[in-house]
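Have the structure open while you go through them.

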Amino acid sequence: MGMSKAMRQMPEPSGRAGEGRGEAALQPASDEARGPSQEHQGTGSAMQEAGAGTLLEAALTRENLQAAWKRVKANKGAAGVDGLDIERTQHLLQTRWPQIRQELLAGTYRPNPVRRVMIPKPDGSQRELGIPTVTDRLIQQALLQVLQPLIDPTFSEHSHGFRPGRRAHDAVKAARAYVQSGKRVVVDVDLAKFFDRVCHDILVDRLKRRIPDDAVIRLIRAYLNAGIMDGGVVVERQQGTPQGGPLSPLLANVLLDEVDKALEARGYSFARYADDCNVYVRSRRAGERVMVWLRKMYGKLRLQINEAKSAVCSAFGRKFLGYELWVAKGREVKCKVAHKAMDNFKARIRALTGRSGGRSMAQVVAGLRPYLLGWKGYFGMAQTPKVWRELDEWLRHRLRALQLKQWKRGTTMHRELLSMGARAEVAHRVAANSRRWWRNSTTGLNSVLTLAWFDQLGLPRLS
């Protein structure tokens, strides 16, 4: 019996709600080198109709739950503290769901703690994720599909993160337009451990202003208070909303929208993506005033600015969502890949093309392909064609050196190169310097391991 059949066995609640279509927050704010995410396309429209019951009942309709399950299943993801993956949870819900649904409606359901996972970041630090159980991800997704259409239209137009139809590129384009208009000083604000410091009481208060359903508020409060399991011990939390659950990005936007609206009221030009907010002004003095004011605004929400990562400075050369701005001919402002993102890219490529491991070239390229396509998709806005060509050349150089390393002996290199159509003098020269893989991977070897050869292997081109 499948999940949809289990849902069909549920009694239909009073009232009627439309369908939901998927999860709004597929991933947290993308790090530069991780490549793009499918950013929140079509969250659904399972909104409460006038006089049609509560929002919680709308979230628990058969159609909305089926759509939520499809999204959770498509996103895959690891098991939570119960150790149950997608398939095992599906079997469990076939018998347990009617009881869980009744507990949700009665207000007695208690979510499981989230499982703590530490994700390494390119700078050597770690980001904490909280992985809910698959059952709790289903419930959160169902809630999201009801709440997102109700709340999202009230958010600021300057907020681009974790919203349907918006993505990081929109924030970068807005920043570029502000700088092109002459606002060339940026107030770059990064919040210190934002998701760990969200005050539950303040967040719930802001939710009550937007959500006309006490049952939903109580359930969200239960998720905030569920705690986090680390090393088999459950740690209670009075603040923080761990990244990893479908609801976390929406809750973050609810809290930060208050500052967005205050910036709008003052007429400032700004772009925000999650907890990264850039305000663009015409002078450093104006920027310093904005920074002082923002410290007070975030302080009212019990949030703290990360002084080490925040600054008032020139908009050029300042990283924003993996991009930097620069001035081209004709004083046109363009964007490029930030230096840090470029360093992360090369470090990742070096790791994927290591000269040990016993892999064939086809296997190496297969491992590179998803990362390259994702990286190109995210940084495709960069207006630096020369940089793309240089990266392509550097990558192919590494792969040619790797191929020589795999052939190992000079006799093997000579034989393989001749079989691939190399001239005798080229094959001899490469074989005579068989241990100099990097130096050998230029000039003559390019005529054998050509662009067409890499294309046949399926290596994506960046340029």
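1. A word on burial before anything else: a residue is buried under 20% relative accessible area, exposed over 50% and partly exposed in between, using a 1.4 Å probe and protein chains only. Keep in mind that this is a predicted model, where local features need pLDDT of at least 70 and side-chain atom pairs count only at pLDDT 80 or more, while totals for chains, interfaces and linings use all residues. Residues are numbered from 1 along each chain as its sequence is written, and side-chain values use heavy atoms, with hydrogens and water left out.

2. The overall picture. The protein has 18 helices and ten strands, taken as DSSP runs numbered from the N terminus (helices are H or I with at least four residues, strands E with at least two). Of its 463 residues, 52% count as buried. Looking at contacts (heavy atoms within 4.5 Å) between residues at least 6 apart in sequence, 75% join residues at least 24 apart.

3. Now the rings. A pair of aromatic rings is described by the distance of the centres and the angle of the planes. Rings of Phe, Tyr and Trp (its six-membered ring) pair if their centres lie within 6.5 Å; planes under 30 degrees apart are stacked, over 60 edge-to-face, and the rest tilted. That rule gives twelve aromatic pairs. In one of them, the centres of Tyr268 and Trp293 are 6.2 Å apart with the planes at 45°, so this pair is tilted. The two residues are 25 apart in the chain: Tyr268 is in the loop between helix 10 (248-265) and strand 6 (269-273), and Trp293 is in helix 11 (residues 284-300).

4. Another tilted pair is Tyr323 with Phe379, at 5.3 Å between centres and 50° between planes. These two sit 56 residues apart, with Tyr323 in strand 9 (residues 323-327) and Phe379 in the loop between helix 13 (361-378) and helix 14 (385-407). Tyr323 is buried at 2% relative accessibility, and Phe379 is buried at 0%. Both belong to one aromatic cluster, together with Phe345, Tyr371, Trp375, Tyr378 and Trp388.

5. Lys346 lies over the face of Trp394, with 5.5 Å to the ring centre.

6. Lastly, the backbone. Most residues other than glycine have a negative phi. Phe162 is buried, with a relative accessible area of 3%. Ala274, not a glycine either, has a positive phi of about 60°; its place is the loop between strand 6 and strand 7 (276-281). At 5% relative accessibility, Ala274 is buried.

How values were computed: Lys NZ or Arg CZ within 6 Å of the ring centre and 35° of its normal.
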